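Keep the 3D view open as you read.

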Amino acid sequence: MTVRMDQLSWVEYERRVRKDAPVVFLPCGATEQHGPHLPLGTDALLASALCEDVAGKIGGLVAPALSYGYKSQPKCGGGNHFCGTTSLDGQTLISLVRDAVREFARHGVTRLVLVDGHYENQWFVTEGILLAMRELGKDSQLEVMRLEHWDFCTEQTLASVFPDGFPGFALEHAAVIETSLMLHYLPNLVRIDLIPDEPPADFPPYDMYPTRTDWVPASGVLSSAKGSTAAKGAQMAADITQGIAAAVRKEFKL
Ligand code: ZN
Ligand code: MN
């Protein structure tokens, strides 16, 4: 039995929403360069794969991902100057999230979990949720959880995945976390042989507009993905999916 909303008929979707009051997961990603070794859809693909795992554990449904995100920033996504990176204005993303949340409420969904896989989306997604909630009003039954999936990696796991020290989530763009998770979920989309071996990017503590593109490694990778393995991906995926499932059970009293 699929957990994917886009594979259900409206009749079956309505039946499940009415009968089971399922938690609905809304993955949120980006279309963004992820170096020469990972696909442009990595953020949405990973958010969707993690959501499908969690939905399988708790009997939830996964909505189609929002696959475009807010503008890639040099220090956490390489920047918006790469060919293929296809970004939204903040206002567009806010409206996209607001409209989607309002539609799920109209369907009768009462528990929605927005799983963000693109760092730059955070506050625009939050604003979309808040505007939808304000519009739905106090009598709405809808409750929404919002999260960034990497925050569920435990310190213990990060210590074992990064024996030489964790560079931080921002510089982890297209690096060991995303590459290992992709090797776990979608290994056919990873080109291990093309992983660049460069030192981590070194940014000053300010930003410049227009972007100083020469600050950003030409490969688009902010710290090396060498050392990525499917086993590390499986370890992080276990943390993330168990952590999200536990949070959902707690907050939605399942
Ligand atoms: Zn990413
Ligand atoms: Mn991203």
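**The zinc site and a buried threonine**

In this predicted model, the zinc ion (ligand 1) is coordinated by His-34 through NE2, by Asp-43 through OD, and by Glu-178 through OE and OE, at 1.8 to 2.8 Å. Read along the chain, the donors of the zinc ion (ligand 1) follow the spacing H-x8-D-x134-E.

What is the geometry of the site of the zinc ion (ligand 1)? The angles among its 4 donor atoms run from 51 to 142°. Tetrahedral would require all angles to lie between 85 and 135 degrees, and the site is irregular.

Asp-43 is buried, since its relative accessible area is 2% and buried means under 20%. His-34 is buried too, with a relative accessible area of 1%.

Now turn to Thr-157, which you will find in helix 6, spanning residues 155–161. Is Thr-157 buried or exposed? Thr-157 is buried, because its relative accessible area is 5% and the cut-off for buried is under 20%. Setting aside neighbours within four places in sequence, Thr-157 is in contact with Gln-235, Met-236 and Asp-239. Its side chain also makes a polar contact with the side chain of Thr-154, at 3.0 Å.

Notes:
Residues numbered from 1 in each chain as written. Chains lettered and ligands numbered in written order. Predicted model: local features only at pLDDT ≥ 70, side-chain atom pairs only at ≥ 80, totals over all residues. Heavy atoms only, no water. Helix = DSSP H or I, 4+ residues; strand = E, 2+ residues; numbered from the N terminus. Buried < 20%, exposed > 50% of the residue type's maximum accessible area, 1.4 Å probe, protein only. Contact = heavy atoms within 4.5 Å. Polar contact = N/O pair within 3.5 Å; in protein donor to acceptor, adjacent residues only side chain to side chain. Donors = N, O, S within 2.8 Å, 3.2 Å for Na, K, Ca; no water. Tetrahedral: all angles 85-135°; square planar, octahedral: opposite > 155°, others 65-115°.
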